[in-house]
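Open the model in your viewer and keep a selection tool at hand. The tour goes from the whole chain to single residues.

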Amino acid sequence: MVARDAADGLVRGLSASSSEERARSLRSIKNAVIGSKSKKSQFLKAGALPRVLELLLNSSSSPECVSQCATTLGSLSYGTPGGLELLLASSGLPGLVGTLNADNPRVVEAAIRALKLVYSQSSCAVPHAPVLNPATLPRVVALLGDASRPDIAEAAAVVLAAVCRSADEQRALTDAGAGSAAVTLLASDRRALQATSLRVLSRLLPRNPRAAAALLERPQLIDTLVALLRDGEPLTRFAAATCLTYLAASPPADGGPAAAGTSSDRGARAPGGGGGARARLAGSSSGLAVTEQSQPSQTPANALRRAHAAGACVAERLEAAKHAVLPVLLRLLGEPGVLEQVPPVLAKLLEGSEELQKAALDADVVRHLAALLVVPPFTPGRGVNRGGVHGSVNGGGVDAGAAGPSGGGAGGSGATAAAGWAVGGGGVSGAGGGPSGAAAADAPGGSGDGGGGSERECSGGSTLQEGVLRALGNLCLTRNDGRKQLIEAKVLKHIVRSLEHPCEGVRAAAAVCVMALSRSIPTLRSSLLEAEVAEVLCRLLSDSCVDVQVNAAATLCNLVLEFSSVKEAVLAQGALTTLAELTELTGSMVGALRLHGCWALRNLAYKSSGEVRRTLMRGLPWPAMRALLNDADADVQEQAVCTLRNLCMDSEEHIGAVLEWASADLLVCLEEKLDPSSAVPEPILQHALYTVANVLTGSDAHKDAVMASNLPALLAHHLRCPASPDLRVSAIWCIINLTWPEANPGPAATSRVRKLRELGVEVTLLGLLADANMNVQERAKTALVQFGGGSAAAVVHM
């Protein structure tokens, strides 16, 4: 061991007046510290690092001296307590980075090797800015692309991968050409160089469509990455899987269609029931089924080869590659070295693809992901489920997501008016026995970017937890079999607890998971209500993270849709004020939040008690509702009109309360929506017509108010709408409610019929008896009977 006084003497020699003595001392220190932690500690205590740094920065130092200084600094900073911290505190990092611009190749090589040692450590945060400096980054990228010096290229890859974390850093590396340089190295026969270049790509591609599009101009890259999925090193397989996942999530470079199965199914459900067909589960409770493929031609690898041989477009080849990635990721769930990083990538891969989701569910992945929420992911000397998930992952048919709204008979509830996102309850509560006048709807898909995560860095355990929750959320968002498996895993309490996690990424992912579960009525009734999740969700409406707020609001949309007790609990928590405030937000970043706030108000009003409706109207003054009805976002407008529709249904008392709240402006607003010169989207037109129909189920005074407005003329116009049978049906329901005999006895009804005849309504209805749409024909028959006389005879003869 070097004696303490000998170390002190060599350090003093670094300040000698003789250049030969300085060089000799430096060389001795370099040779002593390389590979020896104890000697590094001795020289650090002797003050060697600041002296070596002085020599590095001295303009009179020779290239040989600078090279040895860089090597020594890298060694002193690596593997010793306090070495890296001292280098950073001494401003040694900018000095090392600056030497990359030297003219002497040996100096540059020594500097990049030293920086590799610095950036490969995790003991403290190493600043990225010096490497990302526009004067330096191109130099590092050039070193990465120099295949003639593989050791140097590998060192540059380590540095670039370390500084590529945020979106801004990804953009900087993309602009500097790091992606192309890394792809070039994949052809190397050096496994270490392949692995480090893959690491750069796996950091560069997530949520970076520009980089992905540039790399997809080299279609052979897909085949190279698929081949690396079979590498013996888990880290290499994982990096290749990550690259393919994010390449597939980006628009194809050849302008072809996006990969099949990536459009998200919003999964509408009826108020009275949820869920589509359930897939039969594979595997067993005691372990994972390993299914050998009975037909080799159907394996993902063979599918990819067939796609390539057939000259398939990039999108088709990427879709085939995704099926090759899935089993790799499932098996990597059993590798402790990459376990923490796998769930976020798995979540992104599964996002929007029901075929891959079904395959993953058949492989029993929910149970294994759920276990990671309960058991620490790994402890020294062992990992969780080292065998990974080995179920059959070829995939098969695509199950339906959540079922569409259920139809209702005359006088019943649940006739549908699905348009755009999930919308149920398309009829009206008319005296003539029409369908229910409510406009209920499941919340939209929420903010469930499977592979996104939050910009804020979390601890390692939090990263794993967030990824697991996002993957589970994607598996449950549109699939009832996924929800069933997650409930059976008995981890709901852990998911609900995650809603209040200190890391916003975990909270957002947990909110996605709970929102996905809330899309099923059986789950709502049997599990979520028991978990008393409503109180937590109400608090999350004021969360500092917009993603958390969006998904909390989406979940509340579904909870308040079905259960009056939840509506009352939400109001008791003061959430109505928060929801009203959310609808007043402005700015593109909160568009989804405003929409979900309006959606929650709509579902609060659905089939609610009079007290709930009055509370809602007190909490949302009419001028605020009027602003929503005229919002620049058509989706927000639609939710606002549906809220009116729901408030006006069920009884004269409720209709009177709405008219008192809005006064005459309610009918003026409806006239504006139905005005053909307004170019209002059809879904909004239809909901406005059903709102009028609901008002017309009220008293004679309510009907007379409508007749005194311009609405009858607008109804006559929409009866003649040639493009949409749905609008014609909606308008006919309004006529039926205006003229229904049991609800409209006496001279007032006769007067209304006479005015409608003057507007040409009866003649139009006679023409609709020959309409191509059967629903229009039947409703027209009903309306004509109520006009009496010859019209009735005409109906009899039909």
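**Whole chain.** Start with everything selected, and keep in mind that this is a predicted model. Colour by secondary structure: the chain has 45 helices and two strands. Of its 798 residues, 56% count as buried. Among contacts between residues at least 6 apart in sequence, 72% join residues at least 24 apart.

**Helix 26.** Select residues 504–517, which make up helix 26. How far apart are its end C-alpha atoms? They are 20 Å apart, which agrees with the 20 Å that 14 residues should span at 1.5 Å a residue. Now show the surface around helix 26: 14 of its 14 residues are buried.

**Helices 38 and 41.** Next select residues 682–695 (helix 38) and 725–739 (helix 41). Their axes come within 8 Å and cross at roughly 10°. Angles under 35 degrees count as roughly parallel, and helix 38 and helix 41 are therefore roughly parallel to each other. Show side chains to see who makes the contact: on helix 38, Glu-682, Leu-685, Gln-686, Leu-689, Tyr-690, Val-692 and Ala-693; on helix 41, Asp-726, Leu-727, Val-729, Ser-730, Ala-731, Trp-733, Cys-734 and Asn-737. By class, this contact has 10 nonpolar, three polar and two charged residues.

**His-687.** Stay on helix 38 and select His-687, which lies within this helix. Is the residue buried or exposed? His-687 has a relative accessible area of 3%, so it is buried, the cut-off being under 20%.

**His-702.** Move on to helix 39, residues 700–707, and pick out His-702. At 12% relative accessibility, His-702 also falls under the 20% limit and therefore counts as buried. Which residues does His-702 contact, leaving aside neighbours within four places in sequence? They are Glu-652, Ile-655, Gly-656, Leu-659 and Val-695.

Note on methods: Residues numbered from 1 in each chain as written. Predicted model: local features only at pLDDT ≥ 70, side-chain atom pairs only at ≥ 80, totals over all residues. Heavy atoms only, no water. Helix = DSSP H or I, 4+ residues; strand = E, 2+ residues; numbered from the N terminus. Expected span 1.5 Å × (residues − 1). Buried < 20%, exposed > 50% of the residue type's maximum accessible area, 1.4 Å probe, protein only. Axes fitted to C-alpha atoms, helices over the stretch in contact; angles between N-to-C directions. Parallel < 35°, antiparallel > 145°, perpendicular 65-115°, else oblique. Contact = heavy atoms within 4.5 Å. Nonpolar A, V, L, I, M, F, W, Y, C, P; charged D, E, K, R; others polar.
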